[in-house]
Amino acid sequence: MALEWVVLGYAAAAEAIMILLLTLPGLDPLRKGLISVTKALLKPFFSVIPFCLFLLLDIYWKYEMRPSCVSLNACTHAEHLRHHKSVMKSQRNGILIASALLFYWLLYSVTKLVVRVEELKYQVQKQKD
């Protein structure tokens with residue numbers, strides 16, 4: 001199960017790096033290459049969305065199947081610690097899911113805007129000539 005979270009973390013990191021590279025000023029000579037690479041990677045990165053939904057269902061299932069201690073002496077101290085550790089991991093994983101989805105949306109939006117800016121620059125250059 002940990003491999004899924006590692007893959008999601010790498011995907012979110014790759015999305016964040018691409019957003020950073022697309023928005024950094026001064027990379028105009030590399031901009032066309034970055035745009036083409038990013039546009040090519042948007043379709044494979046779309047698989048992050050159903051993957052995140054699957055992982056959210058996994059978190060929900062673990063939440064529903066957690067041990068319930070009705071009375072004070074029903075659970076041992078170790079069971080309480082394991083439950084709290086599981087809750088902390090679920091919260092961390094929820095933040096990772098939210099960041100991966102947010103980065104995908106930002107990458108899509110920024111790529112669309114950068115492509116539009118490049119088209120407008122080309123039209124202005126064409127009108128000047």
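In this tour, two residues are said to be in contact when they have heavy atoms within 4.5 Å of each other, and helices (H or I, at least four residues) are DSSP runs numbered from the N terminus. The model is predicted, so local features need pLDDT of at least 70 and side-chain atom pairs count only at pLDDT 80 or more, while totals for chains, interfaces and linings use all residues. Residues are numbered from 1 along each chain as its sequence is written, and side-chain values use heavy atoms, with hydrogens and water left out.

**Stop 1: helix α4**

Select residues 77–128, which form helix α4. At 1.5 Å a residue, the 52 residues of α4 should span 76 Å, and the end C-alpha atoms are 75 Å apart, which agrees; the expected span is 1.5 Å times one less than the number of residues. Next colour the buried residues of α4, among them Ser90, Asn93, Leu96, Ile97, Ala100 and Tyr104, where buried means under 20% relative accessible area, exposed means over 50%, and partly exposed lies in between (1.4 Å probe, protein chains only). Which helices do the buried residues of α4 pack against? They pack against α1, α2 and α3.

A C-alpha to C-alpha distance drawn from Ala98 to Cys52 gives 8.4 Å, although the two are 46 residues apart in sequence. For another pair, draw the line from Glu64 to Lys128, which are 64 residues apart in sequence and 64 Å apart in space, C-alpha to C-alpha; Glu64 is found in helix α3 and counts as partly exposed at 43% relative accessibility.

**Stop 2: the annotated spans**

The unreviewed UniProt entry carries the annotation "transmembrane region" for residues 6–24, 45–63 and 95–115; UniProt positions are given in the numbering used here, feature names are shortened, and annotations may be inferred rather than shown by experiment. Selecting residues 45–63 shows a span that is 89% helix and 0% strand, with its end C-alpha atoms 28 Å apart; strands here are E runs of at least two residues in DSSP. Selecting residues 95–115 shows a chain that is 100% helix and 0% strand, with end C-alpha atoms 30 Å apart.

**Stop 3: the salt bridges**

Side chains of opposite charge can pair when their charged atoms come close. How many salt bridges does the structure hold? There are three, a salt bridge being a side-chain nitrogen of Lys or Arg within 4 Å of a carboxyl oxygen of Asp or Glu.

Begin with Asp28 and Arg31, whose closest N and O atoms are 3.4 Å apart; both residues lie in helix α2 (residues 28–45), three residues apart, about one turn of the helix. Asp28 is partly exposed at a relative accessible area of 48%, whereas Arg31 is buried at 8%.

Move on to Asp58 and Lys62, which form a salt bridge with the closest N and O atoms 3.7 Å apart. Because these two are four residues apart in helix α3 (residues 48–64), about one helical turn separates Asp58 from Lys62. Asp58 counts as buried at 15% relative accessibility, and Lys62 counts as partly exposed at 38%.

Finish this stop at Arg116 and Glu119, whose side chains meet in a salt bridge (3.6 Å, N to O) and which lie three residues apart in helix α4. Arg116 counts as partly exposed at 44% relative accessibility, and Glu119 is partly exposed with a relative accessible area of 40%.

**Stop 4**

Return to Arg31 and display its surroundings, leaving aside neighbours within four places in sequence: Arg31 is in contact with Leu21, Leu22, Thr23, Leu24, Val114 and Glu118. Then select Thr38, also placed in helix α2, which is buried with a relative accessible area of 2%. With the neighbours within four places in sequence again set aside, Thr38 is in contact with Met18, Leu22, Leu107 and Thr111.

**Stop 5: a nonpolar patch**

Lastly, select Leu3, Val6, Val7 and Tyr10, which make a nonpolar surface patch of about 440 Å². Patches are made of residues with over 30% relative accessible area and no salt bridge, with like charges joined within 9 Å and nonpolar side chains (Val, Leu, Ile, Met, Phe, Trp, Tyr) joined within 5 Å, and accessible areas come from the Shrake-Rupley method with a 1.4 Å probe, for which, in the case of residues, only the protein chains shown count as cover.
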